[in-house]
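Student: I am new to this structure. Could you take one part and go through it closely?

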Amino acid sequence: MSIDLKQLFENVGEVLPLDYTLDLSEYQLFGTYPFFVPIVVKGNIQNKANIVTLTISVDVILRVNCDRCLDEFERAFHYDFKHILVHELHTDNDEYILVEDFQLDLDDLILSDILLYLPSKLLCSEDCKGLCSKCGQNWNKGSCDCQDKFVDPRFAVLGELLK
C-alpha cells in the first residue's frame with residue numbers, strides 16, 4: 001500500500017489511522033510460502049510538532065518447518081514498530097525512514113521490519129529433540145536403535161581411554 005503523506009507533512013497535528021490486512025501469501029521465505037494468513041496491521045502516522053512518526057503493530061502467523069525436526073508448525077508473532085519519517089535527509093542516518101516525493105510504500109517497510117525481527121532459528125517447541133543423524137528418526141515421535149550404538153569415529157579413541 002502506497003500512501004501519499006504530503007498533507008500529513010505540511011499540517012501539524014494531522015493523524016492518519018491505519019487498519020488493514022497485508023497479503024504476503026506469494027512471498028517465498030525459507031523455500032516455502034509461510035505467510036498463509038494475511039498480516040493484520042494497526043496503528044497511525046502522525047505529525048506532532050513537525051515530527052512525523054509511524055507507529056504500527058502487526059500480528060503475523062507463520063507456517064514453517066522446524067529447524068531441528070523438520071516438522072511443519074504454525075507460530076504467531078506480535079510486533080510493535082515505530083519509525084520517524086522524513087522527506088529530506090542531509091546525512092546518512094539509519095534512524096529515519098526517507099519518504100521520497102512524500103510517497104511511503106508501507107507494505108515493503110512492514111515486510112522488512114518483520115523479516116528483521118523474526119528469530120534466526122524457528123523451532124516447533126523449546127524442547128524439540130531433533131532427528132537422529134544416522135537414520136533420520138524424529139526423536140519427538142520415538143527413539144531409535146542408532147542412538148546408543150552410534151559413536152562418532154572421531155571420538156572412538158577417547159572411548160578406548162575409558163576402558
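Tutor: What follows is a close look at one helix, and then at some cysteines and a surface patch. Keep in mind that the model is predicted.

Start with helix H2, which covers residues 106-117. H2 has 12 residues. At 1.5 Å a residue, H2 should span 16 Å, and its end C-alpha atoms lie 17 Å apart, so the two values agree.

Now look at the start of H2. Asp 105 caps the N-terminal end. One of its side-chain oxygens sits 3.4 Å from the backbone nitrogen of Asp 107.

Which residues of H2 are buried? They are Leu 106, Asp 107, Leu 109, Ile 110, Leu 111, Asp 113 and Ile 114. Here is a rule for reading such a list. An α-helix has 3.6 residues a turn, so residues three or four places apart point the same way.

Next, the cysteines. The structure has 0 disulfides. Cys 69 is in none, and the nearest cysteine sulfur, that of Cys 124, is 3.7 Å away. A disulfide needs the sulfur atoms within 2.5 Å. Cys 69 is buried, because its relative accessible area is 3%. Cys 128 is in no disulfide either; its nearest cysteine sulfur belongs to Cys 66, 3.7 Å away. Cys 128 also counts as buried, at 6% relative accessibility.

Last, the surface. Ile 51, Ile 84, Leu 89, Tyr 96 and Leu 98 make a nonpolar patch of about 370 Å². Ile 51 belongs to strand S4, residues 51-65. Its relative accessibility is 44%, so Ile 51 counts as partly exposed.

Technical notes. Residues are numbered from 1 along each chain as its sequence is written. This is a predicted model: local features need pLDDT of at least 70, side-chain atom pairs count only at pLDDT 80 or more; totals for chains, interfaces and linings use all residues. Side-chain values use heavy atoms; hydrogens and water are left out. Patches are made of residues with over 30% relative accessible area and no salt bridge: like charges are joined within 9 Å, nonpolar side chains (Val, Leu, Ile, Met, Phe, Trp, Tyr) within 5 Å. Accessible areas come from the Shrake-Rupley method with a 1.4 Å probe; for residues, only the protein chains shown count as cover. A salt bridge is a side-chain nitrogen of Lys or Arg within 4 Å of a carboxyl oxygen of Asp or Glu. Helices (H or I, at least four residues) and strands (E, at least two) are DSSP runs, numbered from the N terminus. Buried means under 20% relative accessible area, exposed over 50%, partly exposed in between (1.4 Å probe, protein chains only). The expected span of a helix is 1.5 Å times one less than its number of residues. A polar contact is a pair of N or O atoms within 3.5 Å; within protein, one must be able to donate a hydrogen and the other to accept it, and residues adjacent in sequence count only if both atoms are side-chain atoms.
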